[in-house]
Structures are given as C-alpha cells and as structure tokens.
Amino acid sequence: MARAALGRRSVFRLRTTKSDKTAKTAKPGRNANSGKNIKSGKAAAKPGRTTAAKSGKKPVPQERHVLAFPVRLLAMVCAFAFMVAFAVVLARLTLQPSPASAALTHTNMHPGSSLRAYLDQPALRDAVKQIGGNVLLGVPFGVLVPVVAPRSRGLLRVLLLTAMVMLLVEFAQGALITGRAFDIDDVILNTTGALIGYVLLGRRMGRAVHARERRA
C-alpha cells in the first residue's frame with residue numbers, strides 16, 4: 001500500500017511539473033501573439049491616419065466669372081461688331097486701287113526705309129499723316145482682340161495676331177491691288193498701334209470682361 005501511494009504521488013508530481021513547463025512555454029507564445037496583434041493594430045491604424053490626413057486637405061478654390069454671362073456675352077458681341085466695322089474700313093483704306101499713284105509706289109522689304117522717307121518730307125503734316133494713320137489702324141486690334149478672343153489676351157498674342165493680319169493685307173496690296181505695294185514699315189507701325197491700344201485700354205477691358213474670382 002505504501003509503495004502504491006508513493007507511485008501515485010510520483011505520477012502526480014510528474015504531471016504537475018509537465019503542466020508547469022507547458023505553462024511557462026505558453027507564456028512567450030501569448031506575448032508574441034499579443035505583440036503581433038499590437039503591431040497589426042498599429043499597421044491598421046496607419047492607413048486610417050493617412051486617409052484622415054488626405055480627407056483633411058483644404059478644398060481647391062473654384063473660379064467663377066465676376067460678370068454675369070449675359071453681360072459678358074453682350075460685351076463680346078459689341079466688340080465683335082466693332083471689329084467687323086473696323087475690318088470694312090480697313091479694307092476700303094488699304095485694298096482700294098489707286099492707279100494715280102502706281103508710278104510712285106514701290107515695294108519695301110527693308111525696315112525703316114519708308115520711315116526715313118516719311119520723315120524726310122518737307123511738310124510735317126504729310127509725315128504725321130502717313131505715320132499716324134498707320135499707327136491708328138493698329139489700335140483697334142489692341143483694344144478689341146482681348147475682349148473678342150479671351151485666349152488671345154496676352155500682349156505677345158495680340159501683337160502676333162496683328163502682325164499676321166497686316167502682313168496678309170500688305171501681301172494682298174502688293175500682289176492684287178493696282179497702285180499699292182508691300183511695305184514692311186506699315187506692318188511695324190500697325191503693330192505699334194496695337195501695342196499702344198492694348199496698353200492703354202485693351203488689357204483693362206479684357207480683364208474687366210473676362211475677370212474671375214476664386215471662392216473656396
């Protein structure tokens with residue numbers, strides 16, 4: 001009986017030692033699993049922070065025109081009508097034949113040659129008429145183009161458009177019109193007039209008609 005009791009006690013001690021060992025070995029596993037859970041929780045929390053940061057960005061301000069659409073449309077229609085009227089006047093002044101002056105006109109491809117000829121005239125009135133008339137022909141381009149064509153409101157674009165139109169007019173004069181000739185100085189003076197018109201009035205009119213304001 002004593003031996004049986006001792007055997008039972010030894011078996012019980014072995015079982016308790018095994019259970020203690022398994023408990024000790026199980027603790028690190030639990031800590032590791034909990035550490036993984038903590039890490040995974042942090043990793044899961046990061047995307048939430050980034051999305052919150054993204055959602056917390058300031059909204060991009062929207063732009064809208066200061067003037068109402070009917071007002072802008074009316075301004076553009078009026079400017080277009082003035083442009084058409086100016087084109088008619090320009091055609092009459094530059095594309096009308098002048099047989100009486102056929103012997104006096106000649107093609108000028110050298111910038112400044114006609115300007116010197118204008119200034120060398122004895123009557124100052126004739127020089128002012130020639131130079132001032134060509135400058136005034138370019139002024140409407142600088143005033144009306146920024147209103148009619150919003151994408152051409154820049155100074156360089158206005159000057160380039162004026163130069164192209166006047167070059168076509170001069171080519172037509174030299175090739176088709178009797179008593180007219182191509183003159184590069186006329187193109188320079190017309191472009192100078194467009195510059196003056198844009199600086200004095202065209203830039204302000206373009207900004208006033210097509211101005212925009214930002215709102216959040």
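**The core and the surface around it**

Mentor: The largest nonpolar core has 20 residues, and those with the most contacts inside it are Met83, Phe86, Leu90, Phe141, Leu144, Val145 and Met166. A nonpolar core is a set of buried Ala, Val, Leu, Ile, Met, Phe, Trp, Tyr and Cys residues joined through side-chain atoms within 4.5 Å. Buried means under 20% relative accessible area, exposed means over 50%, and partly exposed lies in between (1.4 Å probe, protein chains only). At least two residues of this core are supplied by each of helix H2 (69–94), helix H4 (124–148), helix H5 (155–176) and H6. The most comes from H4, which gives 6 residues.

Please note that this is a predicted model, in which local features need pLDDT of at least 70 and side-chain atom pairs count only at pLDDT 80 or more, while totals for chains, interfaces and linings use all residues. Residues are numbered from 1 along each chain as its sequence is written, and side-chain values use heavy atoms, with hydrogens and water left out.

The protein chain as a whole has 6 helices and 2 strands, and from the N terminus on its elements run α-β-α-α-α-α-α-β. Helices (H or I, at least four residues) and strands (E, at least two) are DSSP runs, numbered from the N terminus. Of the 216 residues of the protein chain, 25% count as buried.

Let us turn to the surface. Leu155, Leu195, Ile196, Val199, Leu200 and Leu201 form a nonpolar patch there, with about 470 Å² of accessible area together. Patches are made of residues with over 30% relative accessible area and no salt bridge, with like charges joined within 9 Å and nonpolar side chains (Val, Leu, Ile, Met, Phe, Trp, Tyr) within 5 Å. Accessible areas come from the Shrake-Rupley method with a 1.4 Å probe, and a salt bridge is a side-chain nitrogen of Lys or Arg within 4 Å of a carboxyl oxygen of Asp or Glu. H6 provides the largest share of the nonpolar patch, 5 residues. Leucine 155, by contrast, has its place in helix H5; this leucine 155 is partly exposed because its relative accessible area is 33%.

Helix H5 also holds leucine 176, which counts as exposed because its relative accessible area is 68%.

A positive surface patch is formed by Arg153, Arg203, Arg204 and Arg207. Arginine 204 lies in helix H6 (residues 184–210), and arginine 204 counts as exposed because its relative accessibility is 60%.

Key
Lys, Arg positive; Asp, Glu negative; His and termini not counted. Charge placed at Lys NZ, Arg CZ, Asp CG, Glu CD.
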